[in-house]
Amino acid sequence: MNTTTLRPYLAILAAAGLLAFTPLLVDSFWLTLAIGTLNYMILATAWGQFSGPTRYVSLASVVFFGIGAYTVAVLGEVLPWPLVLLVALLTGMGMALLVGLATLRLAGIYFVIFTFGLSEMVRQMVTWYEVNITQSMGRYVFLDISQETIFWQLLGLLTLVLLGAVALHRSRLGFALRVIGGNEPMARHFGLEPTRAKLGLFVASSAVMALAGAIMAPRWTYIDPAIAFNATLSFQVVIMAMLGGMSRLWGPLLGALLMSILFEILGSHFPQAFALLLGLVFIVIVYLLPNGLSGRLSQLLARPAPDLSLKEPHHER
Amino acid sequence: MSADPVLRLQGLRKSFGGLVAVNDVSFDVMRGEIFGLIGPNGSGKTTTMNLISGAFRPDQGQILLEGQDIAGQPAHLIARRGIARTFQLLRLIEDMSVLENVMVGLAFRPRQPWDATLRRRAAEFLELVGLGGLGGAAVSELTYIDQKRLELARAMALEPKVLLLDEWLAGLNATELHTGIAMIRQIRSLGTTIIMVEHVMSAIHSLCDRCVVMNAGTRIAMGTPAAVLSDPLVVEAYLGEPVHA
Amino acid sequence: MFMNALLAGLTLGGVYALVAMGLTIQYSVSRTMNLAYGEFLIGAAFAAYMLFGTLGISPYLLAVVIVPVAFGLSWLVYRIMATPLVRRAGTGMALEIDSMLLTFGLLFAIMGILLLVFGSNYTNYSYLAVPIRILDATVPANRLLSFVAALVVGGLGWVLLMRTRTGAALRAVAVDPVGARLVGIDVQWAAGLAFGLGGAVAALCGVMVSTYLTFTAEMGVVFTMKALIVVIMAGVGHVPGALLAGLSLGLVESFVAAYLDPGLTVAVIYAVFLLVLLLRPQGIFGRVVR
């Protein structure tokens with residue numbers, strides 16, 4: 001390996017190292033905002049790593065996030081923290097495996113619709129279980145985990161996700177996913193079995209989301225199914241990844257950063273306009289930024305001087 | 001060409017709803033042969049290709065590749081066993097470079113390591129079809145014939161025992177056709193067995209050792225191109241019902 | 001209990017059937033999966049609520065105004081918003097994803113407007129809630145009327161699609177947009193019309209359910225979800241299948257609520273949906289397309 005192949009890994013590690021000082025430098029307002037942003041960055045990146053190349057739009061992010069959070073609510077005071085995280089990870093993976101096996105053989109539209117309703121179903125089932133079996137609706141999470149620790153855990157997870165994404169991009173699996181996104185029926189004729197590749201990545205991406213949910217859970221102190229499985233989160237994740245664009249690793253990070261700031265401003269000043277804003281951003285993305293901000297920026301940088309004399313398209317056929 | 005059949009089709013049948021697209025079709029393809037599959041539109045040629053490559057699953061019959069039945073196996077396993085194909089409507093990936101499109105043919109072969117040799121070998125296959133040095137180009141920058149060459153390079157990258165060409169020569173002008181025919185000959189000289197579905201009769205005449213003529217899902221003739229194309233049944237299939245006075 | 005559950009299931013199923021019929025027409029002809037479909041329904045429910053409250057006119061009369069307006073709005077949405085996407089992406093996967101994202105946007109935009117205007121409270125009013133006895137069970141007149149409306153509109157839709165020239169054109173586009181263009185059908189016109197019809201059906205359902213259901217601005221997705229499940233279970237574009245699957249869904253829901261647990265309706269419906277996806281992904285009535 002030479003220095004160019006190591007450079008992205010080193011850049012990620014260096015950036016993470018610098019950011020690790022954040023909790024020592026800022027007050028609790030900014031730390032809270034930073035924690036929220038990091039969480040969105042993890043979710044949007046994990047989402048984009050699966051949905052970007054395969055074009056399977058998942059609306060189940062909150063299912064895995066919520067599973068992680070609920071694992072903490074149930075086991076947080078029973079098991080040591082690393083084991084709690086491990087259980088969250090495995091539960092998320094198991095759920096993703098089931099969902100993936102059922103839907104990833106099918107066309108993308110079925111996948112969207114299935115994941116669209118999944119959070120509602122899981123929310124109702126957890127509610128039913130809590131009401132009928134445990135006889136209590138909500139759960140309290142009293143864990144002695146500071147905001148600073150949550151920040152560092154999230155930063156660690158994001159670093160791992162980004163390192164993994166770089167490695168994936170260079171791997172055969174990453175190449176396979178691009179081929180699948182390009183033309184799945186063709187891919188089969190060259191020895192590629194698409195379902196397994198898609199399933200593998202969907203499970204990995206979901207596992208990350210479950211971990212994020214588990215790490216975030218202690219911030220709430222009180223969790224009930226409506227909080228943990230709030231379907232809006234899934235849409236927020238989609239919009240962040242799409243706004244940033246998934247053709248570049250930093251796209252979802254940028255999208256998550258911008259939207260976190262926007263949500264923060266809006267949440268405190270115009271809470272009623274939240275849904276309307278979400279809708280408008282979606283529409284802007286569809287019409288003006290089909291490849292996201294990162295796609296648009298790369299395009300602008302690649303062609304610094306638009307030459308109008310070349311506007312005529314080439315007809316080569 | 002030797003006399004051992006590399007591919008044997010036996011009693012192959014496929015229907016879609018009420019329509020029988022391929023009806024009890026059998027033929028042997030010899031190793032190193034260029035074998036033509038001809039017939040009027042809708043006669044079942046492309047469906048036969050799709051059955052061989054695993055895009056469709058036959059209702060009945062066997063497809064023996066070197067003696068082993070591959071009928072009904074999923075396409076990716078058939079590809080790994082050594083059957084490659086091109087597509088009638090080109091299926092290249094537009095947002096990948098020319099070289100990466102060839103890498104698609106290499107990357108998922110059994111025991112293919114994922115390292116720097118992959119790019120080098122992909123470049124060799126580009127060289128083979130006359131696209132050497134164009135690896136960094138975008139697919140959309142290639143002319144139509146060059147895109148067809150790229151499809152061929154990708155299929156050849158599987159180093160198949162049997163190569164299926166689905167109207168690979170269609171849409172080429174006279175000069176390009178000449179180049180295309182020479183290229184198919186060159187590939188055969190490397191030892192690859194070729195089955196081609198084709199409408200360009202001059203190409204069939206000059207390339208094929210033998211061919212099968214299909215009409216309405218059934219095999220109506222088989223033999224050398226000269227022999228089958230003068231067969232009255234074949235003439236009738238192409239020109240319609242003979243005129244009764 | 002059985003009769004009550006049956007009647008409740010049929011009246012509920014009638015609405016689901018109608019909701020799904022509108023969506024399946026929209027999707028099969030325009031190839032735009034309208035995820036904001038339920039918002040049109042809830043929007044109409046709020047319109048009926050507001051107009052009934054201010055003018056005191058019967059919601060059923062209001063439907064005569066609301067439904068054509070919804071047709072026009074849906075048609076406009078398709079012409080203004082979806083047509084540029086069709087022009088950009090043509091057909092296929094890119095268009096499906098683009099149009100899905102667009103309808104996500106619409107979903108939240110419409111929901112956002114409703115939230116700003118009406119707030120997030122549970123809303124209801126009662127109209128014609130007089131009980132009607134059928135055998136040994138009772139059913140409120142407004143629910144019964146919505147069931148009758150579902151039957152009538154479902155029948156009319158069926159006649160429109162199968163017995164008229166326009167219906168034949170719509171079906172042709174649904175089966176093969178390219179072929180339809182070749183025989184001289186204006187595909188964009190057909191898609192706009194189908195979108196408008198779907199929106200009109202959704203609005204009719206919205207007016208109907210507003211007379212007896214408690215609704216909120218955020219409830220549109222519930223109807224969208226159920227309509228989607230019915231459409232896929234029936235097989236995309238299969239209108240009688242959608243009507244039948246919708247009715248069955250209503251019955252399943254009502255019987256699960258009556259005999260098992262009201263908290264498990266979504267789970268059971270989802271289990272059925274999953275089973276269909278695993279065993280017959282083309283839908284119960286759908287045909288395998290090559």
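Guide: Contact here means heavy atoms within 4.5 Å. This is a predicted model, in which local features need pLDDT of at least 70 and side-chain atom pairs count only at pLDDT 80 or more, while totals for chains, interfaces and linings use all residues. Residues are numbered from 1 along each chain as its sequence is written, chains are lettered from A and ligands numbered from 1 in the order in which they are written, and side-chain values use heavy atoms, with hydrogens and water left out.

Visitor: With that meaning of contact, which residues does Gly246(C) touch, leaving aside its neighbours within four places in sequence?

Guide: Gly246(C) is in contact with Gly13(C), Tyr16(C), Ala17(C) and Val230(C), once neighbours within four places are set aside. Of these, Tyr16(C) is 230 residues away in sequence, yet the two C-alpha atoms are 4.8 Å apart in space. Gly246(C) belongs to helix α10 (residues 239–260) of chain C, where helices (H or I, at least four residues) and strands (E, at least two) are DSSP runs numbered from the N terminus.

Visitor: Is Gly246(C) buried or exposed?

Guide: Buried means under 20% relative accessible area, exposed over 50%, and partly exposed in between, with a 1.4 Å probe and protein chains only. Gly246(C), at 0% relative accessibility, therefore counts as buried. Leu107(C), in helix α4 (residues 93–118) of chain C, is likewise buried, with a relative accessible area of 0%, and its contacts beyond four places in sequence are Leu35(C), Ala36(C), Glu39(C) and Val221(C). In chain A, Thr71(A) of helix α4 (residues 61–75) counts as buried at 8%, and, not counting residues up to four places away, Thr71(A) touches Gly76(A), Val84(A), Val87(A), Ala88(A) and Thr91(A).

Visitor: How should I read a whole helix, and what covers the buried residues of α5(B)?

Guide: One can begin with length, the expected span of a helix being 1.5 Å times one less than its number of residues. Helix α5 of chain B (residues 144–156) has 13 residues and reaches 18 Å between its end C-alpha atoms, close to the 18 Å expected. Because 12 of its 13 residues are buried, α5(B) is largely enclosed by the rest of the structure. The cover includes α8 (172–188) of chain A, together with β6 (83–85), α3 (98–107), α4 (116–128), β7 (162–166) and α6 (174–189) of chain B.

Visitor: At what angle do α11(A) and α12(A) pack?

Guide: Two packed helices are described by the angle between their axes and the distance between the axes. Axes are lines fitted to C-alpha atoms, for helices over the stretch in contact, and angles run from 0 to 180 degrees between N-to-C directions. Helix α11 (residues 232–244) and helix α12 (residues 251–269) of chain A pack at about 120 degrees, with their axes 6 Å apart. Angles under 35 degrees count as roughly parallel, over 145 as roughly antiparallel, 65 to 115 as roughly perpendicular and the rest as oblique, and α11(A) and α12(A) are therefore oblique to each other. Among the residues making this contact are Gln236(A) and Ile239(A) of α11(A) and Gly251(A) and Phe263(A) of α12(A).

Visitor: How do the axes of α3(A) and α11(A) cross?

Guide: The axes of helix α3 (residues 28–54) of chain A and α11(A) come within 9 Å and cross at roughly 75 degrees, so the two helices are roughly perpendicular to each other. The contact is made by Tyr40(A), Leu43(A), Ala44(A) and Trp47(A) of α3(A), with residues of α11(A) including Leu233(A) and Met242(A).

Visitor: Which backbone angles deserve a second look?

Guide: Most residues other than glycine have a negative phi, and most peptide bonds are trans. Asp24(B), which is not a glycine, has a positive phi of about 50 degrees; this residue is found in strand β2 (residues 19–30) of chain B and counts as exposed at 53% relative accessibility. Glu159(B) also has a positive phi, near 45 degrees, and lies in the loop between α5 and β7 of chain B, where Glu159(B) is partly exposed at 43%. A glycine case is Gly56(C), which follows α2(C) and has a positive phi near 70 degrees.
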